[in-house]
Amino acid sequence: MTTTTLSSYLTVSQNLTRYQKMVAADPTIKTAGDYYKANIGKVKSIADFVGNYRLLSYALKSYGLSDHVNDKALVTKVLQGGVTSSKALANTLSDP
């Protein structure tokens, strides 16, 4: 049996709550989430955030941007630019 992207999507979307619980119970994900919750409040600057690999990678992965974890200059520019202006870098980038 061949699984298509559509059938995989439908399976997950129809069982979303169950899949969310399974993912949340994964020890690796739980550890990363616990670390994020315990440390994100200590971040006082963009440099602090970008300089903490564990925080940055968790945040980027949650938005499907984990490929950019080593592109600290781009992440810094995006964060510095904010989102209030339609011309801000964050608002001009295409979706991943």
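Lys72 touches Val50 and Leu56, leaving aside residues up to four places away in sequence. Touching, or contact, means heavy atoms within 4.5 Å. A word on the source: this is a predicted model, where local features need pLDDT of at least 70, side-chain atom pairs count only at pLDDT 80 or more, and totals for chains, interfaces and linings use all residues. Residues are numbered from 1 along each chain as its sequence is written, and side-chain values use heavy atoms, with hydrogens and water left out.

Back to Lys72. Lys72 sits in helix H6, residues 72-81. Helices here are DSSP runs of H or I, at least four residues, numbered from the N terminus. Lys72 and Phe49 are 23 residues apart along the chain, and their C-alpha atoms are separated by 10.0 Å.

Phe49 brings us to the core. Which residues form the largest nonpolar core? There are eight: Phe49, Val50, Leu55, Leu56, Ala59, Leu60, Val69 and Val75. The largest share, four residues, comes from H5. A nonpolar core is a set of buried Ala, Val, Leu, Ile, Met, Phe, Trp, Tyr and Cys residues joined through side-chain atoms within 4.5 Å. In soluble globular proteins, nonpolar side chains tend to be buried together. Take Val69. Val69 touches Tyr53, Leu56, Ser57 and Leu60, again not counting residues up to four places away in sequence.

Now H5 from another side. The axes of H3 (residues 27-39) and H5 (residues 53-62) come within 10 Å and cross at roughly 115°. That makes H3 roughly perpendicular to H5, a label for angles of 65 to 115 degrees. Axes are lines fitted to C-alpha atoms over the stretch in contact, and angles run from 0 to 180 degrees between N-to-C directions. Who meets whom? From H3, Thr31, Ala32, Gly33, Tyr35, Tyr36 and Asn39 meet Arg54, Leu55, Tyr58 and Ala59 in H5. These contact residues divide into six nonpolar, three polar and one charged.

Two last stops. Lys44 lies in the loop between H3 and H4. Lys44 is exposed, at 68% relative accessible area. Gly81 is in helix H6 and is partly exposed, at 39%. Gly81 and Asn91 are ten residues apart in sequence and 9.3 Å apart in space, C-alpha to C-alpha.

Definitions and conventions
Helices (H or I, at least four residues) and strands (E, at least two) are DSSP runs, numbered from the N terminus. Angles under 35 degrees count as roughly parallel, over 145 as roughly antiparallel, 65 to 115 as roughly perpendicular and the rest as oblique. Ala, Val, Leu, Ile, Met, Phe, Trp, Tyr, Cys and Pro count as nonpolar, Asp, Glu, Lys and Arg as charged, and the others, Gly among them, as polar. Buried means under 20% relative accessible area, exposed over 50%, partly exposed in between (1.4 Å probe, protein chains only).
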